[in-house]
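Me: I have a structure open on my screen and keep meeting words whose basis I would like to understand. Could you take me through them?

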Amino acid sequence: MKFLWKLAFSQLRYGYTRVIFSSLAIAAATCLIVWMVAGYETMISGFHDDAEVYMGRYDLVVVPFTSGPPRGNTEQINPNVSNVKPGSTKSGAPKEDGQKSPNALENRPSDAKGLHCDPVQKGRGNVSLEGSKTSQREHQWDSFIALSSSLLDALRQDSAIAACEPMMMAKITATAPRDYVEGQDPRSVRIGIPQNSPTLVGIGAAESPYELGEGRWLDTTAPDALECVLGSGTAHRMKLNVGDEIIVTSDVLETRLKIVGLVEQAMDAPVIGPNGGLPTASLFVPIATAEKISGRKFSINLISIELKDGVDESEFRQRWEPVLKSQSPRASFADTDSIVRVMSQNRNVGMQKSQTDWTLGVTLLAAIFIIFTTLSMGVNERVRQLALLRAIALSRKQIAGIVFMEGFFHAIPGWLAGTLTSALLFELVCLCSGTTDKAALSLHWSSVWLSGGCVILGAAIAAIVPAWRASRLDPMSVLQNTQGVHQTTVRKYYGYAFIGAVLIAIHFAIVYIPGIPVVARGLLYATVGCVSMTVGFLLWTPLLILGVEKCLGCLIARLLYIHPRMLDFSLSGNMGRTIGTTASLSIGLGLFVSIQVWGFTMLVPFLPNPQVPNALVAFLPEGIPESEISQVENTPGIKKNEFLPVAVEQTPIAVAQLATPGFESTRRENQNVVLAGFDIVKGMYGKDAIFHLNFIDGNAEEAREKLTRSAGRYCLIPDTIQTQTGLGIGDKLQLVPPKHRDQAIEYEIAGVVYIPGSIWLTKTSGMRRQGGRTLGLVLTNYENVKADFELDAVGFFWMNLEENIQPRVFESQMLKISQQYAVRPNQMVDGTEMAATRPFAKLWYAPEIIESVGNRSSGIIWGMSWLPLIILIITSLGMVNTILASIRMRTWEMGVLRAIGFTRSTLVKQVLAEAILTGLVAILLSFAFGVTAGWCSVITARYMYVYAVTGLTPDLTIPWDSLGIGFGLTMLLCVAAAIIPAIRTGRREIAELLRSGRAITE
């Protein structure tokens, strides 16, 4: 064994350049693994600290758990007394000084039992007021579920509680004074992906629930002071400080508040219950101020609890949890442990873990191909040496052992160098950032051993084929000429390609065969499908190499002014080496192409196009009278006759239909549709039609005949609904009017159409009036929607605007119209009257949506693409070894060419031409793989319940400009890897080339 180690090590000393570059590649891959794993572990390890910051000074938070019916007896609340250490005081007393803290709610009447949540809202229900004299729609801004005041009273009577603080939450739009535009409602300019605003939190606590970073806490005894305390993260994002003002806009009021303090809040917001839990971006105000801003009476959305010293938290929870479950709505406790669990199940954490696992797999694959290529080159160069060793003394196992040892000699130094480099980089980052928490940025042993395992496993797998080839060498074959590609070998490559085609077909079958359950399809796609497709394209690589060499070799030779015969066998002369190099380059580049194709293809259905109007104006929250439609239509900037009033209602699907096949897997929050009614004849069939929709099922004329009938109700559904539910022409869509929950209205489907951009249209325009998500946009006649859903005002207008329109100027004109029709004041339970709802107008403008969503989505797609590009750069280091091995194997040939008159520059261009051809093979292979993988991922996503993409049928989109960046980088790396070896070869003398070449071939 010792002798074998010496033989393996001697080979490394002989080819030290190859060892250096392969080790550099492995070191870079190790750094990538360590950074990804360390980032994930740092995130997980910080969850407990983040949870404590999130909870602030409180031990427990009572949150609404669901809006459904309560469990158990709801007649009374009878909490027991917990075990408290001697000396504890009653509820409301601080733990140390014994003096009762002031509370803004202490003397408030507890008669708000009229607060309730409509269970039909499925967790998103608005807080409504029993006894209200107005029938107007509940404000979409007040979408938080209220807890009962009797629960608060009962908790305050528990002697185990040191402080019990209720909180009121409301949606607002916050604006910095520098961003404020006079006469423009900040709610109306939210286009594309809305900017995050803090949540308004009304609180009566006399001391801050979180650690104060700057300034002071609120004076809750002086609500007229118009002061607020802001979360530090929100203040940093909005570039505000203590002493600055912030403009807060709600449905009823626009208020300027002075910032008197900043509190430290957690960065991430775990979603707990329908209300979401404690908001991490909060704007704290006294309760009276919150009532004025929101325009509604105090409602309890959260109850924060601080226990006394010595109280057994688990015993306290055990006593109160049955009580919380019996409430209406049901409630639950949130504590540090539950917050950690929620954070661990967060989508971002899952994405980080998936990205880490994906990095491990891709890096392992890259290490396999890098070491495989290096070992294959070594075996090819030492065919005679290994054959003679086999003939003299060594067994097949010993020959194979030498190759395995060489693989480990390539992997282990790279792993050690990568680990050391990662440790130094962590120290450098800590030093440059000035952080003192080195535990958050340090080298975890788990990442060290995991990266080592990946590298060593990759080396072992990569050495299998070269070791087998070396062990099977016949000593009598050492004198045979192996140059060129024989016809029998070419026929073998055709056989490989046939097997590869079968494997790729298996992948397509998994994607396209209908009837496969969603979970099973996803599992098969991720395991069998992706693996078979990858192996299939790998088996096609030999034929692709031959094709590029034959078809493009002459072109590259002409461009570089060299004879085409010089490139005849430049790639196929050593097929194994070329396959390994091409495959290693294609790992990163192929993933890059697939991400780009998938991302931009998925983006297409979200963006509007000329098939739909380029603008929609929404008058929120209630619209304007029909008598004033002409006032909107005559506004300058609207194209003549390209204007349509729209009657809109977001209506639930009937329970009976939800129980039918096709709807059983519909997500709960999607069990509704947005019904939009307009003049079908004018909008779709007139000479100035503004809708030019493609019919997926049915045709335009048959649909027109049905939609214009005076009797019956007909509609057009988008293809997304058909894909999810199976509904088609002639089927009925059963809808429940929000004002009459005991009724169901049937609309017969007259056609299935493709409505581009409908997701962002309904999401950002205010069409989703009852909830945040919907199954889709359904089109029908104006009069049907108006009559069926008792709409006495027009809230939406579709139109085409002139090309030179200034969107914000046009929107300000709409805002002036909306302000003429303020909604009547809200009548409260106790008879008092709050401020009237402030109407506003919002412009949905297609060019702005395309720019906003496109820029944001492009940033996300490129954020996903950086890792494949890093993998590409890492694997390009292996390209240097390929060029060096090619030059080494053809040194005698180059010496002969120089002797018969070829110039030095000709040899340099020959080496560069080989690198360019290798890059072209990698580009073509990556393009074929990436487009196939990206498109199949899009098709698979149609079956998966991934946010709002279910049922989308986009056209294949190939972002040539983005792919050009990846392809250009590939060619640059290939040429850069070849340039120095090429120049060094060109500078060598003829005698040196011949002498070195003879030494290699002997």
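Reply: Happy to; what follows goes through rings, helix faces, cores and strands.

Reply: First, some ground rules: this is a predicted model, in which local features need pLDDT of at least 70 and side-chain atom pairs count only at pLDDT 80 or more, while totals for chains, interfaces and linings use all residues. Residues are numbered from 1 along each chain as its sequence is written, and side-chain values use heavy atoms, with hydrogens and water left out.

Me: Why is phenylalanine 316 called buried?

Reply: Buried means under 20% relative accessible area, exposed over 50%, and partly exposed in between (1.4 Å probe, protein chains only). Phenylalanine 316 has a relative accessible area of 0%, so the residue counts as buried. Phenylalanine 333 has 6%, so that residue is buried too.

Me: What makes the rings of phenylalanine 316 and tryptophan 320 a pair, and why is the pair called tilted?

Reply: Rings of Phe, Tyr and Trp (its six-membered ring) pair if their centres lie within 6.5 Å; planes under 30 degrees apart count as stacked, over 60 as edge-to-face and the rest as tilted. Here the centres are 6.3 Å apart and the planes stand at 40 degrees, so the pair is tilted. Both phenylalanine 316 and tryptophan 320 are buried. They are four residues apart in helix 7 (residues 313-325), which means that about one helical turn separates them. Helices here are DSSP runs (H or I, at least four residues), and strands are runs of E with at least two, both numbered from the N terminus.

Me: Why is the pair of phenylalanine 316 and phenylalanine 333 called tilted?

Reply: With ring centres 5.9 Å apart and planes at 45 degrees, this pair is tilted as well. The pair links distant parts of the chain, as phenylalanine 316 is in helix 7 and phenylalanine 333 is in strand 13 (residues 331-334), 17 residues apart. The whole structure has 16 aromatic pairs, and ring pairs also link Tyr210, Trp217 and Phe284 into a cluster.

Me: How do you know that the buried residues of helix 16 line one face?

Reply: In helix 16 (residues 553-560), the residues Gly553, Ile556 and Ala557 are buried. Seen down the helix axis, they fall within an arc of 100 degrees, so they line one face. The arc is that of the directions from the helix axis to the C-beta atoms. Arg558 and Leu559 are exposed, on the face of helix 16 turned away from the buried side.

Me: What puts the buried residues of helix 13 on the same side?

Reply: Helix 13 (residues 464-471) has Pro466, Ala467, Ala470 and Ser471 as its buried residues. Their arc around the axis is only 130 degrees, which puts them on the same side of helix 13.

Me: What makes a set of residues a nonpolar core?

Reply: A nonpolar core is a set of buried Ala, Val, Leu, Ile, Met, Phe, Trp, Tyr and Cys residues joined through side-chain atoms within 4.5 Å. The largest one has 49 residues, of which Val593, Met879, Ile883 and Val911 touch the most other members. Helix 28 (904-943) gives the most to this core, with 12 residues. A second, separate core of 44 residues includes Leu616, Val674, Ala676 and Leu777.

Me: How do you know that strand 16 and strand 21 pair?

Reply: Two strands pair if DSSP finds at least two bridges between them. Five bridges join strand 16 (residues 672-678) to strand 21, and the two run parallel. Strand 21 (residues 777-781) is mostly covered, with five of its five residues buried.
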